[in-house]
Amino acid sequence: MVLEDPTCTSKVRPGKKVVLGVGSLDAAIMFIGEAPGAEEEIQGEPFVGPAGQLLNRMISGMGITRADVYVGNIMNWRPDLPAGEDGVQTGNRPPTEREMAHCLPYLRAQMDIVAPRLLVALGASAAKALLGSKSFGALGEVRGRWHDFGGRPLMVTYHPSYILRSPTNRNKRLIWEDLLKVMERAGLPISDKQRGYYL
């Protein structure tokens, strides 16, 4: 499978891996992030770094496991940045519109195979790729509400890295309220304890 496009501003770096989605092929819920980071680029699996570990805990809080859902990204490789003298890229950047448009067909193909009933966009880049780059300014304008992508209900929420940068109970509660809506729509049981997380 060739994922390089001469019109894109980046490509899969030598010695690194293409990162497609992973999880249950019968998943009712699909979580979608923006692009792989350093750990994902090495392991070839999405959400395995600190944000991925937090996502796993969020999924567990919903009463399910990562093995029950499908997890992917808009972009299938780490967006390129200049490497240092040692040849190692440090840092990450959001994918460009062109990069996301190039990779979106691969995400759609994964959706066709898995056929999730619900989609969860994690962060502004994923939301813009799915809703349109000009569909909103700040993420708060669209998060916490149901949207549509390809005939599937789409919930937009903050990326787990948002919590890592600002781990207040208020921010945790914002994401948790969005996940409660996902649980309700998916028909998952919700306990009083779960409803009260981060209050």
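Biologist: Which residues touch the most other members in the largest nonpolar core?

Modeller: First, the idea: a nonpolar core is a set of buried Ala, Val, Leu, Ile, Met, Phe, Trp, Tyr and Cys residues joined through side-chain atoms within 4.5 Å. Buried means under 20% relative accessible area, exposed means over 50%, and partly exposed is in between, using a 1.4 Å probe and protein chains only. Here the largest core has 48 residues, and I29, F31, I32, M62, I74, L107 and L130 touch the most other members. Among the elements that each supply at least two residues of this core are β2 (29–33), α3 (97–114) and α6. Helix α6 gives the most, with eight residues. Those labels come from DSSP runs numbered from the N terminus: helices are H or I with at least four residues, strands are E with at least two.

Biologist: Before we go on, what kind of model is this, and how are residues numbered?

Modeller: It's a predicted model, where local features need pLDDT of at least 70, side-chain atom pairs count only at pLDDT 80 or more, and totals for chains, interfaces and linings use all residues. Residues are numbered from 1 along each chain as its sequence is written, and side-chain values use heavy atoms, leaving out hydrogens and water.

Biologist: OK, back to L130: what is it in contact with?

Modeller: Contact means heavy atoms within 4.5 Å. Leaving aside neighbours within four places in sequence, L130 is in contact with I32, I74, L104, L107, A121, F149 and L154.

Biologist: And how do I read a helix such as α6?

Modeller: An α-helix has 3.6 residues a turn, so residues three or four places apart point the same way. Helix α6 covers residues 169–186, which is 18 residues, and reaches 25 Å from its first C-alpha to its last, close to the expected 26 Å. Its buried residues include L174, I175, W176 and D178. Just after α6, G187 takes a positive phi of about 80°.

Biologist: How many aromatic pairs are there?

Modeller: A pair of aromatic rings is described by the distance of the centres and the angle of the planes. Rings of Phe, Tyr and Trp (its six-membered ring) pair if their centres lie within 6.5 Å; planes under 30 degrees apart are stacked, over 60 edge-to-face, and the rest tilted. The whole structure has three such pairs. Y158 and Y162 are stacked, at 4.3 Å centre to centre with 15° between the planes. Y197 and Y198 have centres 6.0 Å apart and planes at 65°, so that pair is edge-to-face. Ring pairs also link W176, Y197 and Y198 into a cluster.

Biologist: Last one: how many salt bridges are there?

Modeller: Side chains of opposite charge can pair when their charged atoms come close. The rule is a side-chain nitrogen of Lys or Arg within 4 Å of a carboxyl oxygen of Asp or Glu. The count is seven. In one of them, E41 and R78 have their closest N and O atoms 3.0 Å apart. E41 lies in helix α1 and R78 in the loop between β3 and α3, so the pair ties together parts 37 residues apart in sequence.

Biologist: Are E41 and R78 buried or exposed?

Modeller: E41 is buried at 4% relative accessible area, and R78 is buried at 5%. For another bridge, look at E184 and R195, with closest N and O atoms 3.1 Å apart. E184 is partly exposed at 44%, and R195 is partly exposed at 38%.

Notes. The expected span of a helix is 1.5 Å times one less than its number of residues.
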